[in-house]
Amino acid sequence: MSEEKDQLDSIKESFESEFDRFSGLLKDGFKGMKLTAAEKLSKELSDFRVKHTGKKSPISGAMKLIGKVAPEKRADFGKSVQGIRSKIEGRIDEAESSLNRYIESSKTESERIDVTLPGRRHQKGHLHPMTILRQKIEDIFVSMGYAIEDDREIETDYYNFDALNIPKDHPARDSKDTFYTTDGLALRSQTSTVQIRAMERRGAPIRIIAPGRVYRRDTPDQTHTPMFHQIEGLCVDKDITMAHLKGTVSEWLRRMYGRETKTRFRPSYFPFTEPSAEFDFSCFKCSGTGEFEGDKCGTCRGSGWIELGGCGMVHPNVLEGCGIDHKVYSGFAFGFGLERMCALMYNLDDIRLMFENDVRFLRQFY
Amino acid sequence: MLISYKWLNELVSTGLDAEELSEKLTLIGLEIDGIHAKDDDTIFDIEVTSNRGDCLSHLGVARELSAALAKPINIPEIPSDSPSETSRVVIEDPKDCYRFTARIIEGVKVGPSPDWLVRKLDAVGERSINNIADITNYVMHELGQPMHAFDLDKLKEQRIVVRKARKGESIKTLDEEDRKLDVSVLAICDAESPVAVAGVMGGLDSGVTEETKNVLLEVACFDRDSIRSTSSRLNLSTEASYRFERGVDIEGVVRASNRAASLIAELTNGTLTEFSDVYPKRHKPVSISAPDLAAEFERLSGIALSIEKIDGSLEGLGIHKDSDGAYRIPSWRHDMSIPEDLVEEAARMHGYEKIGEELPRASSAGEYHSLEPRKRRLREVLASNGFDEAMSYSFVDAQKAGAFAKVKAMGAENEREVRIKDPIIEGADLMRPSLVSGLIDAVQTNFNHKALDLSLFEIGKAFATDDAGAPPLERELLGFVITGREAHANTALRGREMDFFDLKGAIETAGDSLGTPALVFRAAEIEHLQKGQSAEILLNGQPVGSAGKLSAEIANTYKFKQPVYIAELDLTAILETDETAATYSPLDVFPSITRDISLVVSDEVSLDQILRTVSGGGFKNLDSVSYVDTYSGKGMESGERSITIRIEYRSGARTLTDDEVDMAHEDVRNTLKSKLNAALR
């Protein structure tokens with residue numbers, strides 16, 4: 001019996017002494033070991049496992065002896081052999097999984113990247129700020145039940161003036177203010193021309209928004225260009241009042257600039273509306289206080305209000321001219337300049353930039 | 001127009017401080033353009049709308065406030081001397097001069113004005129000249145009536161003739177300018193020649209000087225358009241012309257004359273004598289019939305207000321209801337003729353701020369312009385492909401634009417360009433027939449700023465007309481320009497140099513986003529593009545645009561040092577084409593076999609020809625043919641290149657064998673050899 005015990009002791013001993021070379025590294029957690037060395041070590045460890053637990057290993061030899069031991073000692077011996085085998089396997093498993101973890105983490109470490117390096121993509125392009133603004137306004141009005149209309153930019157005097165109730169002697173007709181072609185046609189001086197054409201086409205009731213280019217003989221400077229964009233709105237139906245005009249313009253501006261936006265309507269004069277008004281909205285920069293960060297607000301020049309456009313109840317002559325009975329229908333119209341709104345929105349100091357196509361400008365908007 | 005806070009309060013005790021007053025004026029329609037302190041006064045710069053000539057004075061503004069605040073107006077006491085028609089004044093042109101009064105003041109002593117007068121004028125930005133000129137200015141700012149004082153003794157025969165200037169007549173005006181008059185100009189003349197440009201400016205030679213003893217004070221009323229046209233013709237705008245153009249109170253002429261004459265007499269120790277008034281056609285008050293103004297008011301304003309209240313507001317403005325129920329408009333108002341005008345006045349006085357806010361009840365669903373969704377997609381796709389959106393003026397320089405070929409739609413035989421009369425930007429005399437010249441200008445602008453890598457697109461209208469007198473054609477075009485190298489986000493490293501195929505790719509991308517059938521490129525010579533690098537673009541066989549490299553000739557005139565690629569498409573035509581709809585075909589059941597062919601062909605042979613030769617050859621089991629790549633350079637003769645294509649063979653009934661495919665493929669190879677003179681590799 002002692003002979004067998006000695007044999008088991010020697011198996012244990014020789015495993016321990018050979019395993020010694022791993023246990024040191026294991027204890028240090030393979031600290032500082034290169035990935036290639038670790039991978040080599042991993043190979044050695046698997047050879048080691050074969051040597052100590054494989055078919056030809058001493059412990060496998062001992063297993064085969066179990067049957068040959070005297071029956072009364074067999075159980076004890078078997079238990080001892082199994083114990084040693086599990087211990088050896090356990091030690092190797094532990095070393096192996098530790099080494100594998102080390103190899104995994106070394107590999108991960110070697111694949112580390114700088115995630116702040118740029119993503120791979122084409123430089124993106126930019127929509128023109130006027131497009132961005134126009135689309136935003138169109139979206140709001142479409143959701144409020146308006147149709148977007150568009151029409152001619154070169155117009156007859158009838159559509160540019162007569163149909164809009166602009167008297168024959170009105171200064172706007174002067175070639176000092178309006179551009180004419182050599183054929184005597186006018187470059188439309190307001191998008192209100194679209195009102196007329198749309199009413200002729202669609203009749204009443206009608207709700208439209210008409211964005212487009214208009215032309216006026218202004219010498220270009222920081223706040224003027226001889227060509228600019230307007231958006232015109234028109235709503236004609238039964239029982240339309242100034243309250244609907246105020247409600248519509250205010251709702252639109254609240255959707256543009258936030259629910260707390262206030263509006264102000266001041267009496268004014270336009271030949272195509274009666275009564276007429278101009279509309280202002282509370283400054284989005286200083287929330288209507290006129291002060292921003294302790295200084296006079298630059299956006300509204302300290303008034304708290306931003307003047308935006310003109311509006312009013314469609315003049316009966318305009319309705320009648322389009323074949324709409326002004327005793328049955330009434331309506332409101334409003335209009336404003338997009339460049340000015342755009343300049344306010346982006347804090348632009350010179351609207352001429354809008355048409356120069358300098359990419360240093362264009363690439364600031366999206 | 002400048003209005004003094006103190007002066008205003010003399011005419012109506014507003015009981016408001018300057019800030020409150022400013023707010024009130026704004027809310028009744030007198031917009032405050034500026035406000036500044038002056039000595040112990042506050043000056044408002046009021047912007048008066050063009051229809052409200054009656055507000056161009058302290059009295060005019062006071063009248064509005066008196067009505068809005070329900071406070072009485074304190075008009076200074078003015079003597080009420082009655083004039084009579086005399087032979088001193090003759091109006092030869094009653095169409096342009098409605099009324100002319102001449103007051104003679106004798107024995108005046110011209111000198112400096114008293115302090116109170118100097119200060120009042122200073123407040124409204126007028127320089128003091130002498131006591132007589134100052135009074136005329138003072139009364140104009142007070143009552144809104146421009147007037148002019150002549151030295152009576154300098155008028156030939158001491159009389160006035162109001163007539164059109166005669167051919168060749170001229171006048172030296174008070175600003176010491178010699179002005180030639182023409183027959184459209186209304187002139188105030190003495191027995192011989194013009195002594196003043198009516199309603200605009202007096203003459204220098206007949207003006208009041210230190211030596212003047214006797215004065216003729218002119219207070220008149222002229223036709224608004226006549227004054228406007230004179231002012232514009234002489235390019236001379238004055239405080240007087242500004243007011244006459246907007247209309248003065250014809251019934252207030254005598255009062256204004258009395259006011260000024262009595263002040264002049266007082267300040268100069270003069271004696272008032274003859275008072276002439278020629279008034280050929282008396283003013284007939286405007287009357288507006290509005291039997292149910294309260295209903296009309298509610299219909300437009302949305303506010304129910306009693307007729308008493310409405311009438312009360314109007315009364316405050318001098319609009320009185322006659323016994324027959326019609327509203328009589330005062331002589332100083334030139335802007336009222338229909339019931340809606342009365343509604344506006346009542347609403348203004350009631351306050352627009354008291355009108356509620358309501359949304360109209362829903363009627364129909366909103367809708368975008370029918371082409372807008374596709375255009376939006378186009379813009380978004382181009383932007384996400386690196387294109388910046390340009391927007392250029394609709395005006396271009398005819399001389400520059402002449403160098404560019406137009407897309408077909410804008411250049412039909414009988415069409416010509418739309419020219420602008422008197423352009424305002426130098427050289428911008430044409431409504432653009434194409435977007436190209438604008439895009440080239442954009443390239444130049446950016447090159448000047450050392451931005452060399454550009455991808456721009458523009459969507460905008462172009463214009464053309466035909467001689468038939470029909471309104472000009474307006475069509476939306478889509479333009480592209482690219483130059484320089486590919487730009488990648490977040491790195492300063494410039495990418496590959498862009499060429500024709502980057503441009504073509506962008507156009508194809510645009511076509512995809514618009515859902516058009518495939519755009520076809522065909523080699524073509526285009527005026528502004530380099531030969532051999534230019535194509536016309538076809539949609540369903542119809543030309544819709546062009547693309548290519550900008551010709552060296554044009555590039556040189558712009559001093560471009562790198563190639564510029566430019567394209568233009570008729571977007572209107574493309575959008576008029578129906579979008580293609582996807583159709584499903586059953587998935588292939590049997591596998592295909594692919595074979596590549598590399599063929600060396602002369603440069604004359606286009607890829608398109610090769611592909612059509614294969615796809616149209618009726619080869620057995622040929623499923624599809626596609627392009628792989630092109631090689632030229634090392635190992636190739638000049639004038640030839642190698643093109644590789646890939647052919648896919650497939651049967652819908654069974655799996656093909658290699659032998660069958662080899663046979664078909666041999667046919668293809670032979671056909672290419674014989675038809676295109678290709679050497680196969």
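Before you start, note that this is a predicted model.

**Stop 1: two cysteines in chain A**

Select Cys311(A). At 2% relative accessibility, Cys311(A) counts as buried. How far is the sulfur of Cys235(A) from the closest cysteine sulfur? That closest sulfur belongs to Cys311(A), and the distance is 13 Å, so the gap is too far for a bond. Seen from the other end, Cys311(A) is in no disulfide, and its nearest cysteine sulfur is that of Cys235(A). Over all chains the structure holds 0 disulfides.

**Stop 2: the nonpolar cores**

Which residues have the most contacts inside the largest nonpolar core? Select Trp252(A) and Phe480(B). The core around them has 230 residues. Next, colour helix H8 of chain A, residues 242-257. Helix H8 gives the most to this core, with 8 residues. In soluble globular proteins, nonpolar side chains tend to be buried together.

Then move to another core, which lies apart from the largest one and has 25 residues. Among them are Phe22(A), Ile88(A), Ile92(A) and Ile103(A).

**Stop 3: a sheet in chain B**

Switch to chain B and show the strands. Look for an open sheet of 5 strands, in the order S4-S7-S10-S11-S12, with mixed pairing. Its edges are strand S4 (89-91) and strand S12 (201-202), each pairing on one side only.

Start at strand S10, residues 186-189 of chain B. Are its faces covered or open? Both are covered. Leu186(B) and Ile188(B) are buried on one side, and Ala187(B) and Cys189(B) are buried on the other. In a regular strand the side chains alternate between the two faces of the sheet.

Now step to each neighbour of S10(B):

- Strand S7 (residues 160-164) of chain B runs antiparallel to S10(B), joined by 4 bridges. Select Arg163(B) to see it opposite Ala187(B).
- S11(B) pairs with S10(B) in the antiparallel sense over 3 bridges. Here Ile188(B) stands opposite Ala196(B). A hairpin through 4 residues joins S10(B) to S11(B).

Continue from strand S11 (residues 194-197) to S12(B), where 2 bridges join the antiparallel pair. Select Val197(B) and Met201(B), which stand opposite each other.

**Stop 4: where the chains meet**

Show both chains as surfaces. The contact takes 95 residues from chain A and 87 residues from chain B. The area buried between the two chains is about 7,800 Å². Carbon and sulfur atoms give 53% of that area. Across this interface the rule finds 10 salt bridges.

Select Arg376(B). Which residues of chain A does its side chain meet? One is Asp139(A), in a salt bridge of 2.9 Å, N to O. That pair crosses between chains, from helix H5 (residues 129-143) of chain A to helix H12 (residues 372-384) of chain B. Another partner is Glu138(A), at 3.9 Å, N to O. Arg376(B) is buried, with a relative accessible area of 14%, whereas Asp139(A) is partly exposed at 31%.

**Stop 5: salt bridges within a chain**

The structure holds 86 salt bridges over all chains. Visit two of them.

In chain A, select Asp280(A) and Arg266(A), whose side chains meet at 2.8 Å, N to O. Asp280(A) is in strand S7 (residues 273-282) and Arg266(A) is in strand S6 (residues 263-270), 14 residues apart. Both residues are buried.

In chain B, select Asp453(B) and Arg494(B), which meet in a salt bridge at 2.7 Å, N to O. The two are 41 residues apart and both sit in loops. Asp453(B) is in the loop between helix H14 (436-448) and strand S23 (454-466). Arg494(B) is in the loop between strand S24 (473-483) and helix H15 (500-514). At 17% relative accessibility, Asp453(B) counts as buried. Arg494(B) is partly exposed, at 42%.

End with a network. Select Glu149(A), Asp151(A), Glu155(A), Arg197(A), Arg201(A), Arg202(A) and Glu367(B) together. Salt bridges that share partners join these residues into one network.

Note on methods. Residues numbered from 1 in each chain as written. Chains lettered and ligands numbered in written order. Predicted model: local features only at pLDDT ≥ 70, side-chain atom pairs only at ≥ 80, totals over all residues. Heavy atoms only, no water. Disulfide = S-S within 2.5 Å. Buried < 20%, exposed > 50% of the residue type's maximum accessible area, 1.4 Å probe, protein only. Core = buried A, V, L, I, M, F, W, Y, C linked by side-chain atoms within 4.5 Å. Pairing = 2+ DSSP bridges. Contact = heavy atoms within 4.5 Å. Buried area = accessible area lost by both parts, 1.4 Å probe. Salt bridge = Lys/Arg side-chain N within 4 Å of Asp/Glu carboxyl O.
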